[in-house]
Amino acid sequence: MRVIVLGADGYLGWPTAMHLSMKGHDVIAADSLIRRRWDVLCGTESLVRIAGMKRRVARWKAISGKQITWERLDLRSLPDTTALIAQYRPDVVIHFAEQRSAPYSMISGPHAVETQVNNVVGTLNLLFALRESAADCHLVKLGTMGEYGTPNIDIEEGFIEISHNGRKDRLPYPKQPGSFYHLSKVHDSHNIMFTCRAWGLRATDLNQGVVYGSGTPETDLDSDLRTRFDYDDIWGTVLNRFCAQAAVDYPLTVYGTGGQTRGFIDIRDTVRCVELAALNPPERGEYRVFNQFTEQFSVGELALRVQAARTAHGLETSIEHLPNPRTEMEAHYYNAKHQRLLDLGLQPHSLEDSLIDRVIGLVERHKKRIKPHLFAPRVDWRFGGRGDIKAPAASRRTVPTAPSISTRS
Ligand code: NAD
Ligand code: USQ
């Protein structure tokens, strides 16, 4: 397949680009590099040092003998996005290229607007570019389990059979997202579903759970091939944060009671799920949804697992329940289906198998770079929209409003 990976400089995009290249696909890696700029603005930094894209693709060629073509592209530019799709006419586009932090989207009004413009406009531009030059292409779009929220019934994979006043229909599953970021994914889903119906595009929306882990067999090949690992309050996802906190004897920051439950997935399973979706395209005009996670845990349970894993190695770990900075249910029913990727052949890694080797081990190797002042949450959902946050003390830079749009170069 000829595959364009959008967001290829990111945590998930870079490992996916290498994984597909290793499997013999022709990979074009595109990114605006805006995430590196957001890091500077938030005073945050990947735990693992990451090489620039030119260096990464050169190193990949030297080590694997395979070519990944690098293109700098901002999806917010319709002409540039159209030109990229017309130039390569891909069989598959894998779209990771969004502002993906819920806390970032809740800092202030301008951050919410920036998030939704970046994500919704970027995806719309891509849909128009596909219609123009590659209408048969399969769009694989990264959505999120957070689109569904935490309803008091089982969560289906995208659609639910409804009986109402004696009639039946199969309708999109109700959405109750918990941040302006998660809302942007809902808006994307609606736009994608509409263009499949209206223009006959084909798309898979991967509603992914929270990802953990340090990398994949390809990122492990060389230090220049590593992917980022976030542990701060804005970009760090919960398990990666807990492992980083434990490594420097910082109490694990469970928000509220810790009863909030989410779906989780190892980053090695992410790249495999994306590959499975790409290899098994939907029909023209079909919009389908796969729930992309492998296990579900409450946040409190995760903290206890990290504590237990360390205790087994004679290490102490404390857990602290902070007042929850988010507006979310802390005690709720949660049972989300996740069968469709298993049906396509996914063989999941379990947290039990990955925690010590793949997460705690990596963090231990890099723990000198951990900056504990990046752990405390700076963004409160209830005060969102009132102003900017300050970067933490060790790096006092104000997080500014939306940056201007850069063009493809
Ligand atoms: P990331 O921030 O590490 O990577 C996203 C990449 O997209 C960055 O390199 C960024 O520069 C790029 N990008 C953003 N806007 C762009 C634009 N307008 N044009 C071009 N490039 C742009 O994020 P990630 O963790 O790799 O997440 C990738 C995708 O997966 C996101 O869509 C996210 O919502 C989704 N997702 C992530 C997780 C997770 O736990 N990390 C879980 C579920 C879903
Ligand atoms: N949490 C804590 N302590 C922390 C950090 C988080 O208790 O130190 C809690 C949060 O309150 C939340 C849960 O852990 O209930 C998950 O938070 P998170 O920051 O790990 O994940 P989230 O903000 O939901 O976002 C991440 C990714 C996002 C993706 C989403 C998948 O950043 O891109 O869409 O996971 S999902 O959660 O399924 O929507």
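Tutor: D9 and R56 form a salt bridge, with the closest N and O atoms 2.9 Å apart. That term means a side-chain nitrogen of Lys or Arg within 4 Å of a carboxyl oxygen of Asp or Glu.

Student: Which parts does the D9 and R56 pair tie together?

Tutor: D9 lies in the loop between β1 and α1, and R56 in helix α3, so the bridge joins parts 47 residues apart in sequence. Helices (H or I, at least four residues) and strands (E, at least two) are DSSP runs, numbered from the N terminus.

Student: What should I know about the model itself?

Tutor: It is predicted: local features need pLDDT of at least 70, side-chain atom pairs count only at pLDDT 80 or more, and totals for chains, interfaces and linings use all residues. Residues are numbered from 1 along each chain as its sequence is written, chains are lettered from A and ligands numbered from 1 in the order in which they are written, and side-chain values use heavy atoms, leaving out hydrogens and water.

Student: Back to the pair. Is D9 buried or exposed?

Tutor: D9 is buried, at 3% relative accessibility. R56 is buried too, with a relative accessible area of 0%. Buried is under 20% relative accessible area, exposed is over 50%, and partly exposed is in between (1.4 Å probe, protein chains only).

Student: How many salt bridges are there in the whole structure?

Tutor: A search finds 31. Another one joins D39 and R228, at 2.3 Å from N to O. D39 sits in helix α2 and R228 in the loop between β9 and α8, so this bridge ties together parts 189 residues apart in sequence. Both residues are buried.

Student: What network do D39 and R228 belong to?

Tutor: A network of salt bridges that links R35, D39, R100, R228 and D230.

Student: Where does E352 find its partner?

Tutor: E352 bridges to R305, with the closest N and O atoms 3.2 Å apart. E352 is in helix α12 and R305 in helix α10, so parts 47 residues apart in sequence are tied together. E352 is exposed, with a relative accessible area of 58%. R305 counts as partly exposed, at 28%.

Student: Stay on α12. Where does α12 bend?

Tutor: At I360, by about 30 degrees. The bend is the angle between axes fitted to the seven residues ending there and the seven starting there. I360 is also among the buried residues of α12, which include L351, L355 and V363.

Student: What covers the buried residues of α12?

Tutor: The cover includes β9, α8, β11, α9, β13 and α10.

Student: New topic. Which residues of the largest nonpolar core touch the most other members?

Tutor: V5, W14, M53, I68, I94, F96 and L206, out of 34 residues. Elements that each supply at least two residues of this core include β1, α1, β2, α3 and β3. The largest share, 6 residues, comes from α9. A second, separate core has 33 residues, among them I28, A129, I155 and I160. A core here is a set of buried Ala, Val, Leu, Ile, Met, Phe, Trp, Tyr and Cys residues joined through side-chain atoms within 4.5 Å.

Student: What is F96 in contact with?

Tutor: Leaving aside neighbours within four places in sequence, F96 is in contact with V5, L6, G7, L12, G13, T16, L142 and V274. Contact means heavy atoms within 4.5 Å.

Student: And T115, where is that?

Tutor: T115 is in helix α6, residues 109-133. T115 is buried, at 0% relative accessibility. Residues up to four places away in sequence aside, T115 touches Q99, Y104, S105, Y181 and S184.

Student: What about C196, buried or exposed?

Tutor: Buried, with a relative accessible area of 1%. C196 is in helix α7.
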